[in-house]
Amino acid sequence: MSLSSPTTEADDRTPTPADDHHGPLASGQPSTHPNPLQHDALTDRHREPAIEVHDLTVAYQTQPVLWDVDLCLPEGKLIAIVGPNGAGKSTLLKTILGLIQPITGWVKVFGAPYRRRRSWVGYVPQRESVDWDFPTNALDVVMMGLYGSLGWLRRPGKAHRHKALECLDRVGIAELADRQISQLSGGQQQRVFLARALAQEARLYLMDEPFAGVDATTERAILSLLQDLRSTGRTVIAVHHDLQTVAEYFDHVVLLNMRLVAAGPVETTFNTENLQRTYGGRLTVLTQAAEALLKARAEAPKLQRGGPG
Amino acid sequence: MSPTLVILLVGCTIAAACALVGTFLVLRQMALLGDAISHAVLPGIVLAFLISNERSTLPMLLGAGALGVLTVFLVELSHRTGRLKEDASIGVVFPALFAIGVILVSRYAGQVDLDLDCVLYGEIAYTPWDLLYWQGQSIGPKALWVGGGVLLLDLLIVGLFYKELKITTFDASLAAALGFAPTAVHYLLMSLVSVTVVGAFESVGAILVVAMLVVPPATAYLLTDRLSHMLGLSVLCGVLSTIGGYGLARWLDASIAGAMGVVSGLLFVAAFLASPRHSLLSRLLRQGQLRRDMHEQLLLLHLDHGDGGLPLAEVSRRFSWSQRRLAKTVERLRARGWVEQSEAGLSLTPDGANALEHSGQGPLRHGPEDGSSVTVS
């Protein structure tokens with residue numbers, strides 16, 4: 001299915017593994033890949049939070065970036081990490097992924113260290129983090145999402161190409177598969193990254209600013225994809241910059257400014273007081289906009305939101 | 001084996017080996033690291049020489065390989081402190097190591113038969129006569145064995161770890177998240193570079209090694225959009241430079257290594273001027289085409305508003321174009337049958353009016369044969 005098509009979810013039930021066969025993720029073609037949601041651990045899925053962070057302190061050289069963060073994030077939600085520049089948002093993601101070693105504290109992903117959960121976690125880095133002049137095409141980049149399941153030395157084959165093409169199709173740019181990646185627009189590049197994460201068939205997605213620098217069409221398409229993921233029980237944790245859309249797009253929010261300011265459901269956590277504690281006093285217009293949106297959403301029926309609200 | 005064939009084979013194996021690892025150096029924006037390694041291994045060679053007390057290749061390769069990895073390690077170390085940028089780190093580490101090597105050579109020059117010139121410049125012309133012996137029997141030129149061995153090793157490692165090299169080069173953080181240790185892959189690649197450089201510069205000299213590590217991959221980079229093609233093309237460029245360079249050297253009766261370097265440079269310039277997408281030439285051509293399209297459209301639009309005809313002098317006055325530009329633009333439009341010149345002046349033909357109508361906002365699009373696809377409705 002295409003990213004840009006309207007979201008197909010309408011039911012309000014708690015997603016079950018059986019939903020996967022009808023959900024958008026598997027629409028049309030049954031997935032040949034083992035679904036991480038059908039894992040044995042699923043039986044006690046509500047016992048283990050998606051992410052558990054304890055006493056986490058991270059520093060570059062002697063400069064602390066994250067300070068004593070404790071965090072527990074539930075599964076099956078769209079979760080925004082929000083905070084000013086230099087608040088440690090990307091660092092938090094990278095620490096969860098084991099890319100940065102913390103000074104103190106630990107992170108658990110579904111109740112275990114990350115290295116035992118690699119195949120459960122998909123990662124979308126910041127778009128600027130790679131060299132888009134690299135000699136490769138869109139399909140090839142998406143295939144990299146499958147490297148994890150291949151492991152060392154094994155080479156991807158025809159089935160993997162097919163799978164990667166499917167993922168490109170799901171983000172609506174299958175026709176760009178052979179396009180050199182520098183010839184893609186910013187929004188298309190972001191879609192390639194999302195397709196690559198989809199190829200990882202993860203249970204939890206960590207995304208570093210997926211909405212940064214994309215046009216309005218792509219933004220809606222990405223949002224619709226995130227909602228598809230949620231409707232099949234996946235968890236998405238995304239660094240997000242646009243405060244005006246936090247309440248509209250996400251279920252949970254983590255407010256971060258080196259220390260954890262607050263974390264919880266958008267309805268209770270994303271309020272003026274917490275935002276001011278996160279951004280200092282510099283946030284009058286945006287805060288009011290966010291408040292207005294929250295109010296509007298509280299009044300409107302919850303059209304956007306499927307799955308367990 | 002004829003000396004010519006030996007020289008060509010040695011040159012080609014070394015060029016191919018350098019092109020394989022050089023491709024990843026160029027993509028990792030570490031082209032200068034090859035330069036650094038090729039100089040910094042000198043103390044390793046001298047130490048290996050002093051310890052083993054013989055001028056055999058294997059200890060020297062090992063000593064140089066170890067120094068190569070040490071170079072990479074020191075560069076990373078000084079870079080990771082956050083105080084130095086990568087290029088400065090390279091610039092600090094390799095002269096220091098090279099200088100130590102120079103001191104070692106000069107201090108022990110009396111005891112060892114090691115020539116600094118030979119290390120730096122090499123001399124591929126002598127390789128046919130530097131034979132390798134096995135149990136007293138000559139088994140062929142040493143450089144050919146070394147070059148062939150290094151090429152095989154590079155092919156093996158790049159072939160086996162192609163996927164890992166690719167993902168760690170393109171997106172190291174995803175590679176790390178997926179469990180492909182980018183640091184380990186980095187050191188694997190750098191060890192390979194060290195061994196390749198050392199194996200190569202004994203026969204062709206450090207300067208040509210740098211040229212072969214960087215120039216063919218840089219040329220290939222301009223010519224293709226796929227990593228696998230880039231690897232193949234850089235090997236091809238390296239081989240062409242070798243063969244062409246040898247021919248040039250024979251013709252000019254000059255240094256073979258020098259001629260090879262020159263030919264690889266010429267290949268790069270040719271690619272830079274003529275590659276389909278990235279080149280200067282195609283960019284200039286495209287810009288010129290856009291500008292001409294723009295001129296034609298402006299003139300057509302202007303004639304569309306004028307009734308009857310517009311004298312050329314009047315057009316020239318209004319547009320303040322050079323005579324030449326005006327004449328050429330008019331000439332192109334007339335050739336296409338879009339404008340005609342009568343006594344009253346320049347005017348639009350029905351074809352021209354039609355073309356203008358179909359051009360929309362953008363520059364005029366012509367058919368493959370100068371507007372032949374545009375017909376009067």
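Student: Where is the place of B:Val269?

Tutor: B:Val269 sits in helix H13 of chain B; helices (H or I, at least four residues) and strands (E, at least two) are DSSP runs, numbered from the N terminus. Keep in mind that this is a predicted model, where local features need pLDDT of at least 70 and side-chain atom pairs count only at pLDDT 80 or more, while totals for chains, interfaces and linings use all residues. Residues are numbered from 1 along each chain as its sequence is written, chains are lettered from A and ligands numbered from 1 in the order in which they are written, and side-chain values use heavy atoms, with hydrogens and water left out.

Student: Which residues form the nonpolar patch on the surface?

Tutor: They are B:Val269, B:Phe272, B:Leu273, B:Leu281 and B:Leu285, with about 430 Å² of accessible area together. Such areas come from the Shrake-Rupley method with a 1.4 Å probe, and for residues only the protein chains shown count as cover. Patches are made of residues with over 30% relative accessible area and no salt bridge; like charges are joined within 9 Å, and nonpolar side chains (Val, Leu, Ile, Met, Phe, Trp, Tyr) within 5 Å. H13(B) gives the most to this nonpolar patch, with three residues.

Student: And which residues gather in the patch of positive charge?

Tutor: That one brings together B:Arg291, B:Arg292, B:Arg324, B:Arg325 and B:Lys328. Lys and Arg count as positive and Asp and Glu as negative, while His and the chain ends are not counted. The place of a charge is taken as NZ of Lys, CZ of Arg, CG of Asp or CD of Glu. H16(B) supplies the most, with three residues.

Student: What makes B:Arg324 count as exposed?

Tutor: Its relative accessibility is 60%, so B:Arg324 counts as exposed. This residue is found in helix H16 of chain B.

Student: How do you know that the span of helix H4 of chain B agrees with what it should be?

Tutor: The expected span of a helix is 1.5 Å times one less than its number of residues. For the 24 residues of H4 (57–80) of chain B that gives 34 Å, and the end C-alpha atoms are 34 Å apart, so the two agree. Just after H4(B), B:Gly82 takes a positive phi of about 80 degrees.

Student: What makes A:Lys163 and A:Glu201 a salt bridge?

Tutor: A salt bridge is a side-chain nitrogen of Lys or Arg within 4 Å of a carboxyl oxygen of Asp or Glu. Here the closest N and O atoms are 2.9 Å apart, so the pair meets the rule. The pair links distant parts of the chain, 38 residues apart. A:Lys163, at 11% relative accessibility, counts as buried, and A:Glu201 is buried with 11% too.

Student: Which parts does the salt bridge of B:Glu296 and B:Arg332 tie together?

Tutor: The N to O distance in that bridge is 2.6 Å. B:Glu296 lies in helix H14 and B:Arg332 in helix H16 of chain B, so the pair ties together parts that are 36 residues apart in sequence. B:Glu296 is buried at 1%, whereas B:Arg332 is partly exposed at 22%.

Student: How many salt bridges are there over all chains?

Tutor: The count comes to 12.

Conventions: Buried < 20%, exposed > 50% of the residue type's maximum accessible area, 1.4 Å probe, protein only.
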